[in-house]
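Visitor: Please show me the model, and then take me through some of its packing, with the criteria stated as we go.

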Amino acid sequence: MSDPMYVLAPEYRRLRIGDAWRDAAGGATFAVEDPATGKTIAEVADADVVDGLAALDAASTAMAEWAATPPRKRSELLTATYRALTERSEEVARLITLEMGKTLAEARGEVAYGAEFFRWFAEEAVRVEGRYNTAPAGGYRILTVPKPVGPCVFVTPWNFPLAMGARKIAPALAAGCTTITKPAAQTPLTMLFLARIMEEVGVPPGVVNVVTTKRAGEVVSALLADRRTRKLSFTGSTEVGRVLLRQAADNVLRTSMELGGNAALIVCADADLDVAVDGAMVAKMRNLGESCIAANRIYVEEPVHEEFTARFAERMGALSVGHGLDDGVDVGALIDEASVTKIDELVADAVDRGARVLVGGERPHGPGHFYPPTVLVDVPEDARMLEAEIFGPVAPIMSFTSDDEVMAKANDTEYGLVGYVFTRDLQRALRFTEGLQTGMLGINRGLISDPSAPFGGVKQSGIGKEGSHEGILEYLDVTYAAIDLP
């Protein structure tokens, strides 16, 4: 397994449309690089609008038959996908590390997480129900029939190249929808490998289509403008999400939007500091901090601020940085040079405004897109990193003196995806649960993602839920029939 690219032969580095793996109509390709070295590892097809619409043709053609496929059959195919991913988890993990930069341990975790969506929604596929009841006034019956919404367009990000696609494809297929996935140009290989696996387990042609492209704007716009598309699901920045929502409005598309975050992590003075430090490390450093649910702002109550900061900084400073495929590495490469530059600028801005760096803070020399785990204190409220989504291994720590104060600071953002609270006081935890303006909350834990739980935010962090029972509802319309029956 010295070369993870062997798992994806050149013939599968093309577009997956209908029953074929094909080159882009114009013959164009683009390079995929290893973020740890900056070297090209593969060339993949660069689709244009013609290719995107060909994928929609395939999805539309397959729609009726897939919708009519018995739920048990759909369930079995999703289960087979789960098993195939689990059996080939090491191959998939190495591919993820090679194109995205995260460590192999992180990549293995992503494969397990992503595979679980196929198992969860295999179980949900056979539990889609309508209802039949007497109208309250009598005289007729009410029948509700859930139906798949139709062909779906998915735009997925680079930070979880398997899991974010799985979180969309699994519920869509369970509901009876066909799909077109446009993966991020930085990390297309994992999604192509997933499409290959689903082909091998017997998912029919046209149900899962994958279109790789560097021209995302024009390709996705063409898909959204075509009235055969009935659903858009996007994971990415709020800025791009706003653009896609405007485009989706023209055809009144169903939308699920999982957008940006600015998570506050709150450590109360009564917290178990062992639990709080462990939880903060997970919430900050999972996926190198390149996660929409990463702790972006850490607030620690004054009596334990000094101790927590010292312990957390020691843990951050002990992490090793290097190529994600190397043994003993804790922190891999960031996705690209733009990400490193952004983080470096955010740290410099905070320092210029008075923040102090306790750990890290200087990008290393040499090849690859690396940035060291970094901890800052005395970060002023006007520092840009308290408003921007850092998306990297940088942790600003501030102190607070009252729940009302920290609640106001935590809520003072356009985002509302997730928050974290560490306290041993149940009533206090419940007050934060009710008061924080977030779609999700971790209480005494830094990891909240679970396929069986509804994932999604409020405010400008998104619309709709992914995972759990709510996840399949995003892919179902309901027809109501009034039946005359005196």
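Guide: Buried means under 20% relative accessible area, exposed over 50%, and partly exposed in between, with a 1.4 Å probe and protein chains only. This is a predicted model, in which local features need pLDDT of at least 70 and side-chain atom pairs count only at pLDDT 80 or more, while totals for chains, interfaces and linings use all residues. Residues are numbered from 1 along each chain as its sequence is written, and side-chain values use heavy atoms, with hydrogens and water left out.

Visitor: Is Phe 154 buried or exposed?
Guide: The relative accessibility of Phe 154 is 0%. Because buried means under 20%, Phe 154 counts as buried.

Visitor: How many aromatic pairs does the structure hold?
Guide: Rings of Phe, Tyr and Trp (its six-membered ring) pair if their centres lie within 6.5 Å, and planes under 30 degrees apart count as stacked, over 60 as edge-to-face and the rest as tilted. By this criterion, the number of aromatic pairs in the structure is 5.

Visitor: What kind of aromatic pair do Phe 154 and Tyr 475 form?
Guide: The ring centres of Phe 154 and Tyr 475 are 6.0 Å apart, with 90 degrees between the planes. The pair links distant parts of the chain, 321 residues apart, with Phe 154 in strand E7 (residues 152–155) and Tyr 475 in the loop between helix H14 (468–473) and strand E20 (476–484); helices (H or I, at least four residues) and strands (E, at least two) are DSSP runs, numbered from the N terminus. Since planes over 60 degrees apart take that name, the pair of Phe 154 and Tyr 475 is edge-to-face.

Visitor: What kind of aromatic pair do Phe 308 and Phe 312 form?
Guide: Phe 308 and Phe 312 lie 4 residues apart in helix H10 (residues 302–317), and so are separated by about one helical turn. Both Phe 308 and Phe 312 are buried. With 5.7 Å centre to centre and 10 degrees between the planes, the pair of Phe 308 and Phe 312 is stacked.

Visitor: How are H12 and H13 oriented to each other?
Guide: The axes of helix H12 (residues 403–411) and helix H13 (residues 426–435) come within 11 Å and cross at roughly 30 degrees, where axes are lines fitted to C-alpha atoms, for helices over the stretch in contact, and angles run from 0 to 180 degrees between N-to-C directions. Angles under 35 degrees count as roughly parallel, over 145 as roughly antiparallel, 65 to 115 as roughly perpendicular and the rest as oblique. H12 and H13 are therefore roughly parallel.
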